[in-house]
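Visitor: I'm new to this one. Could you walk me through how to read it?

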Amino acid sequence: MRVGIVGVGFMGTTHAAGWVATPAQLVGCVAETEAEARPLAEQYRMRVYPDLASLLPDVDVVDICTPTHLHAVQILQAAAAGKAIICEKPLTRTVAEGRQVVATCREAGVPLLVAHVVRFFPEYALAQQLVAGGEIGRPGVIRLSRGSYRPKKPVGNWFLDEARSGGILLDMMIHDYDYARWLAGDVESVYAKKISAGHPEATVDYGLAILKHQSGALSHIAGAWAYPPPTFRTRFEIAGDRGLLEFDSDDTAPIRTLIRKTGGGDAPDVGLPSSPVSESPYTTQIKEFYRTLTEGTPCRVSAEDGLAAVQIAEAALESARTGQAVPVSAL
Amino acid sequence: MRIGILSFAHHHAEAYIQALRALPDVTLLGVADEDAARGRSFAEAYNAPFYPSYADLVAAKPDGVIICTENAHHRPLVELAADHGVHVLCEKPLATTVADAQAAVGACQRAGVLLMTAFPMRFSPPLLEIRARLLAGDFGPVYCFNATNQGELPTKHRAWFVDPVLAGGGALMDHTVHLVDIMRWFLGDEVAEVYAQSNRIFHADEVQVETGGLELLTFRNGVFATIDCSWCRPPYWPTWGGLTFEMVTERGAVVVDAFKQNVTVYSHRLQRPTWAFWGSDMNQALVAEFVAAIREQRAPAVTGEDGLRAVEVTLAAYESARCGQPVAL
């Protein structure tokens, strides 16, 4: 199986490291400019292609790791060439695009796998297994939080451009919309607010969304681009009628370093919590994608799941704009 | 200074007796309870005079009373005390309807007596510290809160806590008011709009009221805040529940767990981890403020109006949960 990577930022680089752990062959990569693609290409002995069109004839799988607003057109291009597609989350920037790419891939008979990597993080995968196994009974109120600092890129920071990334309510919080759906099923309505809607000048952003599931469960989703670097904190709390699951990345760190910086005087170091595991969740994800594509084994996240998460995000964006709760229709 | 206790329907009455007894120059005039057996038994336990009716106790001319009836029965006792020129500290929520809360506030205003709502979080040293730092400008302007006031099913204390009429509702009625009051106190602003969703998944077989709830409030100045008011804590959780919030500001976020001053206890006796609280006694400070306000003839730090505002927000939350859209105040 020959794989080509489109987009060589953090996610393209991370996926490349995952592919190396499979028997697949990393053939080439594409970036906005050939110069940007060269370091990753050299690291994995890939060829640099000038564009997606020139990459397509040489690969079986296209792994799309570009900014969100480019996903739809690249998926359609790869589908037209009959290639299997892996796409970084969010599947697309809009629901209309999402519907189109899912329908097109289905008609073309090409697999479309969405990289909702949270489903592959061991703590999240374990909690889902416990819920699915009935350990805490029927979920009643689910709280999911994900917080970090504002994405920093020197130029062209597409993350901060709502037209391209969807902002915090889409780009950051989509992880947890998808996870909430995985736990409690389809969503019926969404009400959401975010700082940047009322304060475009703010240097932080924070989104809050309340999802009502068809099952009657409620989910509270919080996303932060507000903390000092290098903070990255995730939390979940899943309350059921027969038990409760709690997780806080701050409280489950097996290592806390309280080491003075050598030569750094007495300035306190920042203790970074870390949870080393034997395999990166990104690699677990790519391996599962590989088995799905080569052996047809089931994948824990479908193209329709990816679309449903975009649908929740679009409802959240509309709610933050209009101040009303927004119904989510069946796909 | 003589203070009376009206009813033991709310278990806080016991804490208030102990708080009164710890104060210098304060006498527990007596206790009254419409449930005579309950009243006599507590009177005996605390060695306090028992009055056969609320009217009898109020007629004995206390300086103030602490009202600990069921939520729905606060109003007539507030009015009784006000009519006799007696100052009032009333358990939260002030009432189960806006009309009752307004009547309670109005009666005390007309009678010229103090009305204080029992919001003990106003006396939480961690919250006092955060508010002081907020007002000093340490954190920058506030944008939003992500807050929880979750608990176990409160029937462990009293059965009426889940009675739709006596309590006025379930989790929304029980756990909305504290955080609304804290945020109003921090922001010096009023809630303009409320969105709420509720469900009855926890303890569905045991109670008829809502046990799960999420709310999103918007203040007039644009600050928004979620409150998780759910009774989602299982009875074997390390403590009764808690009150937490993340306050997001221009300079980052302040993460608060107001009751995180505990020793974790693992014992043969309990056979599960529990948290023993060593933080300060907020009920003591609350009662001390009531007594000081009477003595100094000034408004208490938290008033009847504060109680009324919190009731208004709670009732709007119920309306929103019914109609599925935000409700303006």
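Visitor: At what angle do the axes of helix H1 and helix H9 of chain B cross?

Guide: An axis is a line fitted to C-alpha atoms, for helices over the stretch in contact, and angles run from 0 to 180 degrees between N-to-C directions. Helices are DSSP runs (H or I, at least four residues), strands too (E, at least two), numbered from the N terminus. Here H1 (residues 12-21) and H9 (residues 282-296) of chain B come within 9 Å and cross at roughly 65°. That makes H1(B) roughly perpendicular to H9(B) (65 to 115 degrees; under 35 is roughly parallel, over 145 roughly antiparallel, the rest oblique).

By the way, this is a predicted model: local features need pLDDT of at least 70, side-chain atom pairs count only at 80 or more, and totals for chains, interfaces and linings use all residues. Residues are numbered from 1 along each chain as its sequence is written, with chains lettered from A and ligands numbered from 1 in the order written.

Visitor: Which residues of H1(B) and H9(B) meet?

Guide: Contact means C-beta atoms, placed from the backbone, within 7 Å. B:His12, B:Ala15, B:Tyr16, B:Ala19 and B:Leu20 in H1(B) meet B:Asn283, B:Gln284 and B:Val287 in H9(B).

Visitor: And where is A:Gln214?

Guide: Look at the loop between strands E9 (205-213) and E10 (218-225) of chain A. Beyond neighbours within four places in sequence, A:Gln214 contacts A:Gly185, A:Asp186 and A:Glu188. A:Ser189 is 25 residues away in sequence, yet 8.7 Å away in space, C-alpha to C-alpha.

How values were computed. Contact = placed C-beta atoms within 7 Å.
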